[in-house]
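Here are my notes on this model, for someone opening it for the first time. Please read them with the structure in view.

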Amino acid sequence: VQLQASGGGLVQAGDSLRLSCVVSGGINSICAIAWLRQTPGEEREWIARIGSTGTNTYYADSVKGRFTISRVRDNPKNSVYLQMSSLKPEDTGVYYCAADFSPCAIYSSRSRISAYEYWGQGTLVTVSS
């Protein structure tokens with residue numbers, strides 16, 4: 001399984017940005033794709049997750065209502081997007097996409113970093129005030 005994240009950049013507070021993650025290999029054994037981020041001085045945190053069918057989405061409270069995760073199947077690859085709106089300086093950080101590989105993480109653990117076995121390289125988002 002390989003994941004490649006892109007789309008980061010420097011934006012101003014209130015702007016929008018879309019991150020992309022191309023997923024290849026082992027597609028049929030991937031339960032879900034998530035976006036996680038590491039902001040300065042903080043631990044890496046889970047922020048959004050989308051299931052294998054693309055219909056079930058989940059968000060951390062910190063981004064709910066501002067970020068939207070979506071998924072496009074384009075066999076043999078999948079693309080997962082994170083549309084970010086109303087960005088705040090505290091959204092600054094490195095954003096990673098990651099895969100929950102079969103067997104699927106149980107519901108209560110899906111926001112944990114340990115639920116994701118495969119990771120992309122990260123893309124930097126900087127939001128200036």
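**Notes on the sheet and the cores**

1. Serine 79 is buried, at a relative accessible area of 16%. Buried here means under 20% relative accessible area, exposed over 50%, and partly exposed in between, with a 1.4 Å probe and protein chains only. Serine 79 belongs to strand E8. Strands (E, at least two residues) are DSSP runs, numbered from the N terminus. Setting aside neighbours within four places in sequence, serine 79 is in contact with Cys21, Val22, Ser70, Arg71 and Val72. Contact means heavy atoms within 4.5 Å.

2. A word on the basis. This is a predicted model, in which local features need pLDDT of at least 70 and side-chain atom pairs count only at pLDDT 80 or more, while totals for chains, interfaces and linings use all residues. Residues are numbered from 1 along each chain as its sequence is written, and side-chain values use heavy atoms, with hydrogens and water left out.

3. Now the sheet. Four strands make an open sheet, in the order E1-E3-E8-E7, with antiparallel pairing. E1 and E7 are the edge strands, each pairing on one side only. From one strand to the next, the twist averages 15°. Two strands pair if DSSP finds at least two bridges between them.

4. Which strands does E3 pair with? E1 is joined to E3 by five bridges, running antiparallel. Leucine 3 has valine 23 as its bridge partner in E3. Alanine 5 stands opposite cysteine 21, also in E3. E3 and E8 pair over eight bridges, again antiparallel. Serine 20 has tyrosine 81 as its bridge partner in E8.

5. E3 is largely enclosed by the rest of the structure, because six of its eight residues are buried.

6. Next, the cores. A nonpolar core is a set of buried Ala, Val, Leu, Ile, Met, Phe, Trp, Tyr and Cys residues joined through side-chain atoms within 4.5 Å. The largest has 27 residues, and Trp35, Leu82, Met84 and Tyr95 have the most contacts inside it. Strands that each supply at least two of its residues include E1 (2–6), E3 (17–24), E8 (77–84) and E9 (93–101). E3 gives the most, with four residues. A second, separate core has eight residues, among them Ala34, Leu36, Ala98 and Tyr116.

7. Not counting residues up to four places away in sequence, tyrosine 95 touches several residues, including Ala5, Leu19, Trp35, Ile47, Phe67, Leu82, Met84 and Val125.

Note on methods:
Axes fitted to C-alpha atoms, helices over the stretch in contact; angles between N-to-C directions.
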